Amino acid sequence: MKKWDEVFTKIKPEEIKDNVFDLIGYEWFLISAGTTDSFNTMTASWGTTGVFWNKPISICFVRPTRHTFNFMEESDVYTLSFLGTQNKTIHKVCGSKSGRDTDKIKETGLKPVVTENGSITYEQARLVLECKKVYFDDLKPVFILPDDIDEKFYPDMDYHRMYFGEILNVYQK
């Protein structure tokens with residue numbers, strides 16, 4: 001497994017030039033958590049970045065039914081890896097198949113890379129946010145005001161957990 005400095009250069013969070021709406025909503029990303037010995041990744045297209053508590057922060061969402069959820073719970077640090085729109089086939093596999101039943105690395109050809117803090121990202125990534133969990137909470141149906149959101153996205157009442165992560169490192173190609 002390669003180390004981050006063999007693949008990426010490091011920039012500051014404020015040097016990211018991408019439009020966050022395109023990055024998250026159109027390009028999508030992989031949330032990866034765990035160790036070099038045991039990790040999982042999943043596709044996500046919901047999230048945000050900004051400043052909170054005077055820190056650069058990302059917020060991502062994981063349902064408790066996802067295999068990645070347990071890895072997020074056990075990990076202090078995780079990555080958000082943006083692979084570019086040319087890698088939608090990887091996102092389709094990582095978003096539709098569970099790591100419980102599928103070796104996503106083998107099936108997609110993802111090439112793991114170890115970050116500065118021991119997290120996992122991938123050679124295919126063009127941009128990576130390495131984040132440290134600083135807060136989490138569960139979405140609560142009592143606070144979801146429009147009924148159509150609850151009906152459309154949570155028919156099984158499997159509400160996401162939000163993870164606020166301080167952006168420790170940004171890696172790019």
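Tutor: Happy to. Strand β7 spans residues 77-82 and is mostly covered, with 6 of its 6 residues buried. Buried here means under 20% relative accessible area, with exposed over 50% and partly exposed in between, using a 1.4 Å probe and protein chains only. Strands are DSSP runs of E with at least two residues, helices are runs of H or I with at least four, and both are numbered from the N terminus. This is a predicted model, where local features need pLDDT of at least 70, side-chain atom pairs count only at pLDDT 80 or more, and totals for chains, interfaces and linings use all residues. Residues are numbered from 1 along each chain as its sequence is written, and side-chain values use heavy atoms, leaving out hydrogens and water.

Now look at the two faces of the strand. Val-77, Thr-79 and Ser-81 point one way from β7, while Tyr-78, Leu-80 and Phe-82 point the other way, and all are buried.

Next come the strand's partners. Two strands pair if DSSP finds at least two bridges between them. β3 and β7 run antiparallel and are joined by 4 bridges; Ile-31 has Leu-80 in β7 as its bridge partner. With β10 (residues 127-138), β7 pairs in the antiparallel sense over 6 bridges, and there Ser-81 stands opposite Val-128.

Not counting residues up to four places away in sequence, Leu-80 touches Phe-29, Leu-30, Ile-31, Ser-58, Cys-60, Leu-127, Val-128, Leu-129 and Cys-131, where contact means heavy atoms within 4.5 Å.

That brings us to the nonpolar cores. Such a core is a set of buried Ala, Val, Leu, Ile, Met, Phe, Trp, Tyr and Cys residues joined through side-chain atoms within 4.5 Å. The largest has 22 residues, and those touching the most other members are Phe-29, Ile-31, Cys-60, Met-72, Tyr-78, Leu-80 and Phe-82. Two or more residues of this core come from each of α1, β3, β4, β6 (55-62), α2 (67-74), β7, β10 and β11 (161-172). Apart from that core lies another, of 16 residues, including Val-7, Leu-30, Val-113 and Ile-120. As background, nonpolar side chains tend to be buried together in soluble globular proteins.
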